[in-house]
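Biologist: Could you walk me through this model, starting from a single residue and working outwards?

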Amino acid sequence: MDRRTFLQSAAGIGATVTVAGCIGGSADRGDYDIGMSTRAFRPMALEVEPGTTVVWKNTSKQGHTVTAYEEEIPSEADYWATGDFDSESAAREAWRSSAGGRLGQGETYEREFTVPGTHAYVCIPHEPSGMAGSVTVTGDAESSGTVTATPETQ
Ligand SMILES: [Cu+2]
């Protein structure tokens, strides 16, 4: 093999190598994924892989809820909300009657997301202020146990 041929084939191999490392970003954010200011979820939008447990933490002094919009989560996904209500209407009624589902200062709520798609949610008491957010679960085609061969290198 002459030098030019070698360089061409090396470049070809290099172009197909993808980095699939573990970046560990969540550890840098502390013990939660989504925080809350007095009138907003931070971040408002979060993207995760299927099977990820998302942790919300009330990082403000206000009481908040994390309440899924029943019509804005994938149809295969179970309904979810702080207070473990079965439906959005039940969550809203409980908030009206007894502040049900309230997450106080420093409290956390966690939920495992398995169904791909966008899951939109709101804080009931601060909905008029636009306190809402979304968790987008990425497609699952590549996460179902496919083994990728490691290119042989010398
Ligand atoms: Cu709120």
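**From one valine outwards**

Modeller: V122 lies in strand β7, where strands (E, at least two residues) and helices (H or I, at least four) are DSSP runs numbered from the N terminus. This is a predicted model, in which local features need pLDDT of at least 70 and side-chain atom pairs count only at pLDDT 80 or more, while totals for chains, interfaces and linings use all residues. Residues are numbered from 1 along each chain as its sequence is written.

Biologist: Is V122 buried or exposed?

Modeller: V122 is buried, because 24 other C-beta atoms lie within 10 Å. The cut-offs are 20 or more other C-beta atoms within 10 Å for buried, 12 or fewer for exposed, and partly exposed in between, with the C-beta atoms placed from the backbone.

Biologist: And what is V122 in contact with, leaving aside its neighbours within four places in sequence?

Modeller: With those neighbours set aside, V122 is in contact with T67, Y69, E127, M131 and A132; a contact here means that the C-beta atoms of two residues, placed from the backbone, lie within 7 Å. The C-alpha atoms of V122 and A68 are separated by 6.3 Å, although these residues are 54 apart along the chain.

Biologist: Which strand does β5 pair with, and how do the two run?

Modeller: Strand β5 (residues 67-68) is joined by 2 bridges to β7 (residues 117-122), and the two run antiparallel. Pairing requires that DSSP finds at least two bridges between the strands. In this pair, A68 stands opposite Y121 in β7.

Biologist: How many bridges join β7 to β8?

Modeller: There are 6 bridges between β7 and β8 (residues 132-137), and these strands also run antiparallel. Within that pairing, T118 stands opposite T136, and the bridge partner of G117 is V137.

Biologist: What is the strand order of the open sheet?

Modeller: The open sheet has 4 strands in the order β3-β8-β7-β5, with mixed pairing. Its edge strands are β3 and β5, each of which pairs on one side only.

Biologist: Switching to helices, which residues of α3 are buried?

Modeller: The buried residues of α3 are E88, A91, A94 and W95. Seen down the axis of α3, they fall within an arc of 130°, so they line one face of the helix; the arc is that of the directions from the helix axis to the C-beta atoms. These buried residues pack against β5, whereas the face turned away from the buried side carries the exposed residues S89, R96 and S97.

Biologist: What follows α3?

Modeller: The helix is followed by A99, whose phi is positive, near 55°, although A99 is not a glycine. A99 is placed in the loop between α3 and β6 (108-113), and it counts as partly exposed because it has 14 C-beta neighbours inside 10 Å.

Biologist: What about the phi of D84?

Modeller: D84 also has a positive phi, of about 55°, and is not a glycine. D84 sits in the loop between β5 and α3 (88-98), and is exposed, with 12 other C-beta atoms within 10 Å.

Biologist: What is the mean pLDDT of the protein chain?

Modeller: The mean pLDDT (the predictor's confidence in each residue, from 0 to 100) is 83, and 71% of the residues reach 70 or more. Over residues 6-28 pLDDT stays under 50, and for that stretch the model has 5 contacts beyond four places in sequence. Residues 141-148 likewise stay under 50, with 2 such contacts.

Biologist: And for the overall view, how many helices and strands are there?

Modeller: The protein chain comes to 3 helices and 8 strands, and from the N terminus on its elements run α-α-β-β-β-β-β-α-β-β-β. Of its 154 residues, 21% count as buried. Among contacts between residues at least 6 apart in sequence, 59% join residues at least 24 apart.
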